[in-house]
Amino acid sequence: MLRHAIAPVRRYTKASHDVVRHSRLNSDAKVLLLYVQGLPESEATAPKPLSEHAARLGLKGRAYQKAKQLLADCGYLHEWREQGARGRWVTEQLLTNVTLTRDEASRVREDDDLPSERPPTVGGPGERTVGDSPQTEDLGEKNLPHPPPQDPPRDADHIDHAADTADREDPEPDPEPDPELAEAEGLLLSLRHSNRDLLLGVREARLLAGAAAEWLRRGVSAPDLRRALTTGLPKDGIRSAVGFLRHRLVQKLPAAARLRHPVAAPPSPEWVAPPARRGLVTCPGPGSEHVFRPRSDETHCLRCRTAAAFEATLQFQPLSEQWRTRVQECAAGA
């Protein structure tokens, strides 16, 4: 916060810090109190109600009633309602820049003796020493806020030995970054886009990155992990994003996938040379002379063998005909 203040030379009102920094008074009540305290004597003593002064500030209706109630509760406003000589009821208001009890306000109303007035300080003013600031001798030294550290002296042999050792030793290679850990940290930092209650700092995300990376190592994809962390959030809000996410990452951690032993592939069979093709053989079947290539020990071609099987089927006599012939032979012999 930047602050720039210039004290006014005219047309200003002195305001107490007790009023400006009051925790119970709202801005309307403070402005109304300071406005009335800054009125000139001619307007301050005029019989005008507080509501008219509030109307000049734009405070009407509910806003004015709330400011008036706060001033009365805190002891800055006091009212007396009395019946006048003609039978009319009159309300008299007292607005002060200090808190007053009811008895103190009544005494101020009757005697006009403000309790804020105090007797002067005992004793007269003291003498003021005239002169400029004392001169100090400049020794030419400067005080540094953080002096540079001084290394302890070392002998030449130790320096040479350390240099030789550094030359012989190879620098250690940097460890390879874990891709799951980096992806988990980025996912945790992006949860604030899904819900404002899940806002994490960089250090908080690094503390939870290890637990979130374990999800990714167990086969859970990044969208599924985001869905598991942002679904079913409490209706009354999240008090601690770190505690809530740590609880979910630990309690809902999925089971590790079982390692399956890879099935060994069967050995590839040795290459076997295809059998040599047989030569053409002349078929002894009926018809014109023709040749065929046998696959095994065939003597006839496929067409001749099919025709022979068909003729054998037609010449086959049914079983009923055989019994009938047998019966006739037996009857003739008898």
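Predicted model: local features only at pLDDT ≥ 70, side-chain atom pairs only at ≥ 80, totals over all residues.
User: At what angle do helix α10 and helix α11 pack?

Analyst: Helices are DSSP runs of H or I with at least four residues, numbered from the N terminus. Axes are lines fitted to C-alpha atoms over the stretch in contact, and angles run from 0 to 180 degrees between N-to-C directions. Here α10 (residues 222-230) and α11 (residues 241-251) pack at about 120°, and their axes are 10 Å apart. Angles under 35 degrees count as roughly parallel, over 145 as roughly antiparallel, 65 to 115 as roughly perpendicular and the rest as oblique; α10 and α11 are therefore oblique to each other.

User: Which residues make the contact?

Analyst: Contact means heavy atoms within 4.5 Å. From α10 come Leu-225, Ala-228, Leu-229 and Thr-230, and from α11 Phe-244, Leu-245, Arg-248 and Leu-249.

User: What volume does the largest cavity have?

Analyst: On a 1 Å grid over the protein atoms alone, a cavity is a set of points where a 1.4 Å probe fits but cannot get out; lining residues have an atom within 4 Å of a point. Volume is the space filled by probe spheres set on the points, which are joined across faces, edges and corners. The largest cavity has about 40 Å³, and the count of cavities of 30 Å³ or more is one.

User: Which helix gives the most to the lining of the largest cavity?

Analyst: Helix α2 (residues 27-37) does, with three residues. The lining includes Lys-14, Leu-33, Gln-37 and Asn-97.

Terms used
Residues numbered from 1 in each chain as written. Heavy atoms only, no water. Helix = DSSP H or I, 4+ residues; strand = E, 2+ residues; numbered from the N terminus. 1 Å grid on protein atoms, 1.4 Å probe; cavity = no way out; pocket = protein on both sides within 12 Å on 5 of 7 lines; lining within 4 Å.
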